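Have a look at it first.

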Amino acid sequence: LFRLTVKRVFSTSHSSVDSAEMKKFQRLAHKWWDEEGEYSALHSMNDIRVPFIRDTLLSRTSHYHLGRPLSGVKILDVGCGGGLLCEPLGRLGASVTGIDPLEDNIRTADQHKSFDPVLAKRIQYKSSSLEEMVEESMETFDVIVASEVVEHVADLEMFIKCCSHVLKPEGSLFITTINKTQLSYILGIVVAEKIMGIVPDGTHEWEKFVPPEELERLLESNGFSVKTVAGMLYNPLSGSWSWTESMSINYAVHAVKLGAQGQSSPREGEESSATAG
């Protein structure tokens with residue numbers, strides 16, 4: 001009955017996909033794998049977000065394969081774009097499903113994956129919204145990644161609810177996004193988009209940026225326990241990312257879906273200082 005009810009709720013209600021946001025990304029769909037192009041900052045973000053995901057997950061288990069540390073882990077990458085994050089996670093051994101509502105993005109991701117027979121087996125892509133995944137994949141995934149996505153969705157709380165529904169109890173949710181501060185407006189929009197062209201003009205709307213306190217509140221009120229919140233800093237001169245104590249611009253969050261008793265496992269609290277670095 002619970003599954004039927006959830007199915008009905010998510011199939012009849014409005015979607016968290018923002019059609020205006022989709023139009024913005026449509027014209028850049030073929031440029032995902034140009035490391036010097038519009039998505040260069042996302043390429044270099046892999047240098048810190050991939051180890052963050054890997055090390056956090058490894059801190060929660062004592063069994064893993066040295067060459068393929070994420071072997072056996074089922075990951076859903078929401079808003080995967082051209083597959084920039086799916087591919088390195090697949091190389092670490094994970095079984096990755098990348099979803100994006102834009103078919104052109106999925107076509108680009110599929111084409112790029114096909115060059116590597118190992119990745120072709122480990123990664124599958126779907127042109128799908130998160131709501132559609134709820135209808136077919138209740139409590140299916142060990143991990144959900146939503147990197148640089150929540151600042152583009154139409155309904156953030158609904159998005160988080162959907163994440164909870166497709167995630168297994170005690171599963172991990174990783175989010176990277178942009179804080180809503182004066183500094184993020186100046187650097188994230190005025191400098192990055194309008195002056196330096198690090199990302200295409202019009203990519204972001206400051207009103208949709210999410211303060212970490214608000215994201216934590218939404219996560220905690222929808223069945224998650226927030227474990228780590230860490231600041232991220234992009235250096236446009238070197239084109240590289242680093243971890244920082246300040247969360248005034250970019251930040252990353254790791255949260256765990258509470259288990260059946262409403263508690264996450266006791267070892268959780270020990271991980272934050274190790275993973276934030």
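## A tilted pair of rings

Start at Tyr234, which is buried at a relative accessible area of 19% (buried means under 20% relative accessible area, exposed over 50% and partly exposed in between, with a 1.4 Å probe and protein chains only). Trp241 is buried too, at 12%. The ring centres of Tyr234 and Trp241 are 5.0 Å apart and the planes sit at 45°, so this pair is tilted. For the terms: rings of Phe, Tyr and Trp (its six-membered ring) pair if their centres lie within 6.5 Å, and planes under 30 degrees apart are stacked, over 60 edge-to-face, and the rest tilted.

A quick note on the basis: this is a predicted model, where local features need pLDDT of at least 70, side-chain atom pairs count only at pLDDT 80 or more, and totals for chains, interfaces and linings use all residues. Residues are numbered from 1 along each chain as its sequence is written, and side-chain values use heavy atoms, with hydrogens and water left out.

How many aromatic pairs does a search of the whole structure find? It turns up four. In one of them, Phe52 and Trp243 have ring centres 5.2 Å apart and planes at 55°, so that pair is tilted. It ties together distant parts of the chain, 191 residues apart: Phe52 belongs to helix α3 (residues 40-58) and Trp243 to strand β7 (residues 240-244). Helices (H or I, at least four residues) and strands (E, at least two) are DSSP runs, numbered from the N terminus.

Phe52 is buried, at 4% relative accessibility, whereas Trp243 is partly exposed at 22%. Together with Phe174, Phe52 and Trp243 form one aromatic cluster.

## Helix α3

Now follow α3 itself. Of its 19 residues, 15 are buried, so the rest of the structure largely encloses α3. There's a kink of about 40° centred on Asn46, where the bend at a residue is the angle between axes fitted to the seven residues ending there and the seven starting there.

## The whole chain

Stepping back, the chain has eleven helices and eight strands. Of its 277 residues, 53% are buried. Among contacts (heavy atoms within 4.5 Å) with a separation of 6 or more, 73% are between residues 24 or more positions apart.
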